[in-house]
Amino acid sequence: MNTRKPTLDSARLDKVVAQARRDAEQREQGYRERALKMYPWICGRCAREFTRANVQELTVHHRNHDHDYNPPDGSNWELLCVYCHDNEHQRQLEAARGTGSASVSGGGGATQSPFADLKALLEKKRLED
Ligand SMILES: [Zn+2]
Ligand SMILES: [Zn+2]
C-alpha cells in the first residue's frame, strides 16, 4: 500500500530550481574570477587600486549591460569600484529616461544630494550586476 502522496514531482522541481540557481551563481562566480584574473585590480574610472583585503568592493561591470554576454576574451567586462559602478548604471538609467529630469525648468532643485541616490542604489544591489 502506498499511502504517501507522490512527492517526486515537487522534489524534482526543487532540484531543478536549486540546480539552476547554483548554475547561475557559478556562472557569476566564474566571470568575476576570470575578470579578476584577467585585469589588474584597479577601478577603470577612478583608478583606485585594490588588494585581497578589499577586492570585494571591486565589481565586474558588463560594458553592454548584458550579464549573459561573457566572451572569454573579457571584452565585455570592466572592473569598477562599487561607487563608480553605481555611477555608471545611474548614468545609464538617466540616459534611458531621456534626460527628462535634468531639464526641469526653474530653480530650487539644486539642493538634492547625489549621495542619497548613491546610498539607495548601493542598498538595492550590492556587488554584482
Ligand atoms: Zn572607482
Ligand atoms: Zn554594471
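The model is predicted, so local features are given only at pLDDT of at least 70 and side-chain atom pairs count only at pLDDT 80 or more, whereas totals for chains, interfaces and linings use all residues. Residues are numbered from 1 along each chain as its sequence is written, chains are lettered from A and ligands numbered from 1 in the order in which they are written, and side-chain values use heavy atoms, with hydrogens and water left out. The protein chain has three helices and two strands, where helices (H or I, at least four residues) and strands (E, at least two) are DSSP runs numbered from the N terminus. One zinc ion (ligand 1) is coordinated by Cys43, Cys46, Cys81 and Cys84, while the protein donors of the other zinc ion (ligand 2) are His61, His85 and His89.

**Overall fold**

- Of the 129 residues in the protein chain, 25% are buried; buried means under 20% relative accessible area, exposed over 50%, and partly exposed in between, with a 1.4 Å probe and protein chains only.
- The protein chain exposes about 9,800 Å², of which carbon and sulfur atoms supply 52%, the areas coming from the Shrake-Rupley method with a 1.4 Å probe and, for residues, with only the protein chains shown counting as cover.
- Among contacts between residues at least 6 apart in sequence, 61% join residues at least 24 apart, a contact being heavy atoms within 4.5 Å.

**The zinc ion (ligand 1)**

- The SG atoms of Cys43, Cys46, Cys81 and Cys84 coordinate this zinc ion at 2.3 to 2.4 Å; donors are N, O and S atoms within 2.8 Å of the metal (3.2 Å for Na, K and Ca), and because water is not among the atoms, sites may look incomplete.
- The angles among the four donor atoms of the zinc ion (ligand 1) are 102 to 117°, and the site is tetrahedral, a label given to four donors if all angles lie between 85 and 135 degrees.
- The donor residues of the zinc ion (ligand 1) are spaced C-x2-C-x34-C-x2-C in sequence.
- Because Cys43 lies in the loop between helix H1 (8–38) and strand E1 (58–62) and Cys81 in strand E2 (residues 77–81), the pair ties together parts that are 38 residues apart in sequence.
- Cys84 is found in helix H2 (residues 82–96), and its C-alpha atom is separated by 7.3 Å from that of Cys46, which is 38 residues away along the chain.
- Not counting residues up to four places away in sequence, Cys84 touches Cys43, Arg45 and Cys46.
- The relative accessible area is 3% for Cys43, which is buried, and Cys81 is likewise buried at 2%.
- Cys84 is buried at 13%, whereas Cys46 is partly exposed at 41%.
- A search of the whole structure finds zero disulfides, a disulfide being a pair of cysteine sulfur atoms within 2.5 Å.

**The zinc ion (ligand 2)**

- The donor atoms are ND1 of His61, NE2 of His85 and NE2 of His89, and they lie 2.0 to 2.1 Å from the zinc ion (ligand 2).
- These donor residues follow the spacing H-x23-H-x3-H in sequence.
- His85 and His89 are four residues apart in helix H2, so about one helical turn separates them, and both His85 and His89 are buried.

**The paired strands**

- E1 and E2 run antiparallel and are joined by five bridges, two strands being paired if DSSP finds at least two bridges between them.
- In this pairing, His62 has Trp77 of E2 as its bridge partner, and Val60 stands opposite Leu79 in E2.
- Five of the five residues of E1 are buried, so E1 is largely enclosed by the rest of the structure.
- Leu58, Val60 and His62 point one way from E1, whereas Thr59 and His61 point the other way.
- Five of the five residues of E2 are also buried, so E2 too is largely enclosed by the rest of the structure.
- On E2, Trp77, Leu79 and Cys81 cover one side, with Glu78 and Leu80 on the other, and all are buried.

**Loop residues with positive phi**

- Ala47, in the loop between H1 and E1, has a phi near 65°, a positive value in a residue other than glycine.
- His65 lies in the loop between E1 and E2, has a phi near 65°, and is partly exposed at 27% relative accessibility.

Note on methods:
Tetrahedral: all angles 85-135°; square planar, octahedral: opposite > 155°, others 65-115°.
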